[in-house]
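Subject: A structure to look through

Dear colleague,

Please find below the structure I promised to hand over, together with its sequence.

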Amino acid sequence: MVTVLDTTNARPRHPEKAHRPDQPVLRKPEWIRVRAPGSPVYRETQDIVRENGLVTVCEEAGCPNIGECWSKRHATFMIMGDTCTRACAFCNVRTGMPEALDADEPAKVAEAVAKLGLSHVVITSVDRDDLADGGADHFARVIRAIRAAAPKTTIEILTPDFLRKDGALEVVVAAKPDVFNHNLETVPSKYLKVRPGARYFHSIRLLQRVKELDPTIFTKSGIMVGLGEERNEVLQLMDDLRSADVDFITIGQYLQPSRKHHPVIRFVTPDEFAGFETVAYAKGFLMVSSSPLTRSSHHAGEDFERLKAARLSKIGG
């Protein structure tokens, strides 16, 4: 269990949640449990991250798959610092006022990608509502730096919504990532409690706009379930994503970081996740990942290869 206070730092990790009443924590079922990390390759990956002074969402968000991914030299880099300007009820990333951007970060990320020998890399970030462009130019600089240092590496980005940042999306798309991911996180009826700083239909429009600007870029979005949503709401969300021509959807179980975060309302069964996968493919998604431990960047490299194959098959068909 991750606590609200960060034991490695004197300042609160989630000051906005500190005075909220404790929420109940449900016991995890057998299908949601994972092994603790600790393999030699895991430690090597950890060393490379530390040596380059980088932040990973794997650690900051308390991802349950970190042991598996880092043991395969897969890490999702989180750029623009470790502090987010928003305070989503589900998220374990630190909140507050971020520090200034590190101008050397694009080069550091690119160096780490080259050292790890990644064939596919995922780059995400905190929300930076304090920046005029929401960090769009920094994303573009990171993409270009990786292209220069590791030209064979394919690049997937998981971006904020750039809400009220005119022209920001265009800057990122012009840098030509291979996959543009922006997560809806939950169904629209849960936004006020779960994702209050965002707007559901703005996020849908953002994904649609990516395809309008560059149809060759794969688009992707993900949600968590177990937050109290209804099944028909998830199915409607699928339709909304398909109306925006989104290629890939991920669906995973929400896990509560601490008692101060939004509670898990229920644990969705593996059979229900399999049902979501069947329906999503029927609705026309090229790629679907739906399981209790599915996360946006889990198996991203393998999924990207399958995504390319699915597009080629569709064109050929």
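One term is needed from the start: a residue is called buried when its relative accessible area is under 20%, exposed when that area is over 50%, and partly exposed in between, with a 1.4 Å probe and protein chains only. The model is a predicted one, in which local features need pLDDT of at least 70 and side-chain atom pairs count only at pLDDT 80 or more, while totals for chains, interfaces and linings use all residues. Residues are numbered from 1 along each chain as its sequence is written, and side-chain values use heavy atoms, with hydrogens and water left out.

Let me begin with two residues in loops. Arg164, which sits in the loop between β5 and α6, counts as exposed because its relative accessibility is 67%, and its phi is positive, at about 60 degrees, although it is not a glycine. Lys176, in the loop between α6 and β6, likewise has a positive phi of about 60 degrees without being a glycine, but at 43% relative accessibility Lys176 counts as partly exposed. As background, most residues other than glycine have a negative phi.

Next come two helices; here helices (H or I, at least four residues) and strands (E, at least two) are DSSP runs, numbered from the N terminus. The expected span of a helix is 1.5 Å times one less than its number of residues. Helix α4 (residues 105–116) has 12 residues, and its end C-alpha atoms are 16 Å apart, in agreement with the 16 Å that it should span. Its buried residues are Glu105, Pro106, Val109, Ala110, Ala112, Val113 and Leu116. Seen down the axis of α4, these fall within an arc of 160 degrees, so they line one face of the helix, where the arc is that of the directions from the helix axis to the C-beta atoms. After α4 comes Gly117, with a positive phi near 65 degrees.

Helix α11 (residues 300–316) has 17 residues and reaches 24 Å from its first C-alpha to its last, close to the 24 Å expected. Which residues of α11 are buried? They are Ala300, Asp303, Phe304, Leu307 and Ala310. They cover an arc of only 120 degrees around the axis, which puts them on the same side of α11, whereas Leu312, Ser313 and Gly316, on the other side, are exposed. The buried residues of α11 pack against several strands, including β4 (120–125), β8 (248–253) and β9 (287–290).

Strand β9 contains Ser290, which is buried, with a relative accessible area of 9%. Its side chain reaches the backbone oxygen of Phe273 at 2.8 Å. Counting as contact any heavy atoms within 4.5 Å, and leaving out residues up to four places away in sequence, Ser290 touches Ile251, Phe273, Phe276 and Glu277.

Finally, a nonpolar core is a set of buried Ala, Val, Leu, Ile, Met, Phe, Trp, Tyr and Cys residues joined through side-chain atoms within 4.5 Å. The largest one has 36 residues, and those with the most contacts inside it are Phe77, Ile123, Ile146 and Phe180. Among the elements that each supply at least two residues of this core are α4, β4 and α5 (136–149), and α5 gives the most, with seven residues. A second, separate core of 24 residues includes Val187, Ile249, Ile251 and Val268.

With best wishes

Note on methods:
A polar contact is a pair of N or O atoms within 3.5 Å; within protein, one must be able to donate a hydrogen and the other to accept it, and residues adjacent in sequence count only if both atoms are side-chain atoms.
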